[in-house]
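Here is a short report for a reader who is meeting this structure for the first time. Please look at the sequence and the model before reading on.

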Amino acid sequence: MNPEKDFAPLTPNIVRALNDKLYEKRKVAALEIEKLVREFVAQNNTVQIKHVIQTLSQEFALSQHPHSRKGGLIGLAACSIALGKDSGLYLKELIEPVLTCFNDADSRLRYYACEALYNIVKVARGAVLPHFNVLFDGLSKLAADPDPNVKSGSELLDRLLKDIVTESNKFDLVSFIPLLRERIYSNNQYARQFIISWILVLESVPDINLLDYLPEILDGLFQILGDNGKEIRKMCEVVLGEFLKEIKKNPSSVKFAEMANILVIHCQTTDDLIQLTAMCWMREFIQLAGRVMLPYSSGILTAVLPCLAYDDRKKMDSGIKEVANVCNQSLMKLVTPEDDEPDELRPGQRQAEPAPDDALPKQEGTASGGPDGSCDSSFSSSISVFTAASTERAPVTLHLDGIVQVLNCHLSDTAIGMMTRIAVLKWLYHLYIKTPRKMFRHTDSLFPILLQTLSDESDEVILKDLEVLAEIASSPAGQTDDPGPLDGPDLRASHSELQVPTPGRAGLLNTSGTKGLECSPSTPTMNSYFYKFMINLLKRFSSERKLLEVRGPFIIRQLCLLLNAENIFHSMADILLREEDLKFASTMVHALNTILLTSTELFQLRNQLKDLKTLESQNLFCCLYRSWCHNPVTTVSLCFLTQNYRHAYDLIQKFGDLEVTVDFLAEVDKLVQLIECPIFTYLRLQLLDVKNNPYLIKALYGLLMLLPQSSAFQLLSHRLQCVPNPELLQTEDSLKAAPKSQKADSPSIDYAELLQHFEKVQNKHLEVRHQRSGRGDHLDRRVVL
């Protein structure tokens with residue numbers, strides 16, 4: 001510093017003392033400056049006051065010499081003390097040089113700057129509020145200062161400033177929020193602690209409504225919640241808890257829509273505390289905001305669904321799972337029938353669902369929804385942000401595109417847990433119930449994955465999957481002129497409504513008995529997707545034989561409960577009639593026959609077939625028979641079930657012309673076992689009436705003659721020995737003389753035609769077996785008798 005320079009009105013002694021390295025001498029100089037400024041205040045000499053402050057600022061506080069800077073700081077503090085209540089007029093000039101010294105490399109100088117600013121603020125009190133932002137900015141830097149003395153001094157200044165803000169009603173929150181939003185993303189733990197403490201203070205001031213600006217800082221608060229320091233995490237939990245309490249008290253003033261995406265992001269984090277807290281907030285938002293949250297459903301589901309599969313054995317995971325389940329259920333309840341489109345718009349029109357730009361999923365950071373609408377299966381590590389349409393619109397419009405995309409992605413991901421898959425299927429079922437017309441626009445994209453889900457390891461998942469498929473197949477909204485492409489030859493026949501076979505098509509009924517033929521009034525009409533479902537289900541059984549063996553009976557039995565059993569068997573029989581893979585057709589017919597004869601779910605259908613008294617039951621029998629012909633033994637069992645004993649006897653007579661293999665004999669063995677089951681109790685009782693049931697006895701003897709000497713042979717032989725009348729075989733003349741009390745064949749059924757069809761199908765099977773044998777890929781399992 002130039003000693004020749006004029007620093008008036010500061011005397012040379014004051015200047016010399018301010019530049020001294022000893023604190024005591026600088027303090028003496030400060031007292032002289034205080035005395036000098038007081039005189040100027042008394043004289044109202046503002047020019048000299050400004051000159052003193054400018055000199056201390058430019059020549060000392062901003063000097064290159066460290067001792068001069070220290071002198072300038074203590075001198076500015078002395079000026080503020082001398083100015084008293086008038087210091088507010090010069091605050092900018094007093095504060096700026098002090099704040100500059102906050103960045104000094106010398107920790108002692110930063111401490112003196114903190115001390116000087118404390119004295120300036122203490123004198124000015126509320127007058128410093130217009131300069132709050134610069135003070136806060138400086139303090140936020142000192143809060144992370146490595147020197148403990150500087151940090152201690154900044155804490156004293158911080159407490160003073162908080163007291164002033166709490167006492168005043170002139171705090172400018174609007175101008176402060178941008179700075180708070182910027183500083184809240186600091187990674188320094190001390191800076192974070194400083195930020196949290198200020199938010200707590202502002203939240204406690206009645207005149208300051210920080211809730212209005214919560215969307216600006218909520219993301220930063222969740223970032224701080226993930227801090228490594230337990231104390232900071234605890235403070236942040238308290239802050240978030242206070243905000244949530246206030247939200248519950250004043251939900252009408254909360255900007256739910258602006259914070260929804262923030263919660264979606266943090267519900268997907270790997271930090272347990274952040275995830276649980278965000279999920280709790282989401283639960284409250286859905287319950288408080290209601291349908292306002294519907295536009296964000298796709299994002300919420302992306303966050304919530306994976307949590308439903310969390311491990312209950314882990315305490316934190318169990319808590320997250322419980323809250324996520326409440327979120328899921330609450331969100332589902334928001335979807336109502338009013339969200340569906342009007343009746344006039346048919347799903348067959350395939351109209352694109354209206355989806356404004358701001359209602360579609362958008363990618364921010366790492367999102368599970370890609371720019372092409374694809375979905376990454378790594379849901380646990382991805383972050384999805386979905387920007388909804390303006391929530392000020394009334395009413396809220398539900399757009400299903402994003403929701404269905406999320407559900408489809410989760411269902412397609414084999415790594416997703418069972419409970420999540422069940423929840424997805426419950427959502428799909430709920431949407432088909434509440435908004436069927438909107439949902440049927442997405443059925444073609446959902447159908448393949450729903451069929452694939454039938455191979456799931458969990459019975460619960462398969463049950464829910466079948467419920468969805470059954471709803472698709474039976475909903476009136478699914479009735480279209482064109483159900484979409486159906487695989488296989490000639491499968492585009494008019495199956496929009498399942499009907500019994502007509503005389504011209506089946507050729508099984510006498511023309512005299514077809515008048516007035518129509519569906520049973522008790523049979524519900526299936527929609528256009530029912531037949532498509534049956535075709536694709538059989539295709540899946542054909543391509544996955546293990547699925548047919550392990551889960552096939554379970555799937556078909558459940559479908560018979562969910563849909564109409566007659567329709568299911570009628571349609572499958574109709575499809576199998578066109579099946580080109582004869583081996584699969586035989587296997588499938590055998591499976592269906594076993595289900596028909598043994599399942600409790602098919603009790604009503606069995607009763608319907610026992611007595612072929614109605615045209616409907618006769619037509620069903622004819623339809624089943626044509627497909628059952630793929631397997632000779634099942635055809636006989638169907639005749640036993642329907643009490644067509646004479647035709648059963650005629651069929652067994654034809655068995656002599658068939659190729660008898662080990663598999664064939666095994667099926668005869670199983671049929672004998674079935675005859676001994678409760679399902680055929682009525683048949684065994686009919687053996688008591690030999691005169692009226694001669695063909696039943698002949699048919700059973702025919703089976704006995706087919707069997708080798710085995711346990712099944714002994715079983716059937718012992719049964720036939722119990723027949724009371726020894727005259728088992730009667731002549732044709734004696735039969736004509738017998739009473740006409742026996743059950744007569746239905747006059748409406750052309751049994752000769754049925755027998756011809758049986759021979760035709762069996763000849764086709766024989767040709768196929770010979771072709772395979774010629775190629776060397778068929779094991780000759782014929783039995784030499």
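Which residues does D145 touch, not counting residues up to four places away in sequence? D145 touches R110, V150 and K151, where contact means heavy atoms within 4.5 Å.

This is a predicted model, in which local features need pLDDT of at least 70 and side-chain atom pairs count only at pLDDT 80 or more, while totals for chains, interfaces and linings use all residues. Residues are numbered from 1 along each chain as its sequence is written, and side-chain values use heavy atoms, with hydrogens and water left out.

D145 is found in the loop between α7 (132–142) and α8 (148–167), the helices being DSSP runs of H or I with at least four residues, numbered from the N terminus. The side chain of D145 reaches the backbone nitrogen of D147 at 2.8 Å.

| Residue | Relative accessibility |
|---|---|
| C114 | 1% |
| C623 | 5% |
| D145 | 6% |

The sulfur of C623 is 8.7 Å from the closest cysteine sulfur, in C622, which is too far for a bond. With a disulfide taken as a pair of cysteine sulfur atoms within 2.5 Å, the count comes to zero.

In helix α2, the buried residues are R26, A29, A30, I33, E34, L36, V37 and F40, and what covers them includes α1 (12–18), α3 (46–61), α4 (66–83) and α6 (107–124). Just after α2, N44 takes a positive phi of about 60 degrees.

Methods: Buried means under 20% relative accessible area, exposed over 50%, partly exposed in between (1.4 Å probe, protein chains only). Helices (H or I, at least four residues) and strands (E, at least two) are DSSP runs, numbered from the N terminus. A polar contact is a pair of N or O atoms within 3.5 Å; within protein, one must be able to donate a hydrogen and the other to accept it, and residues adjacent in sequence count only if both atoms are side-chain atoms.
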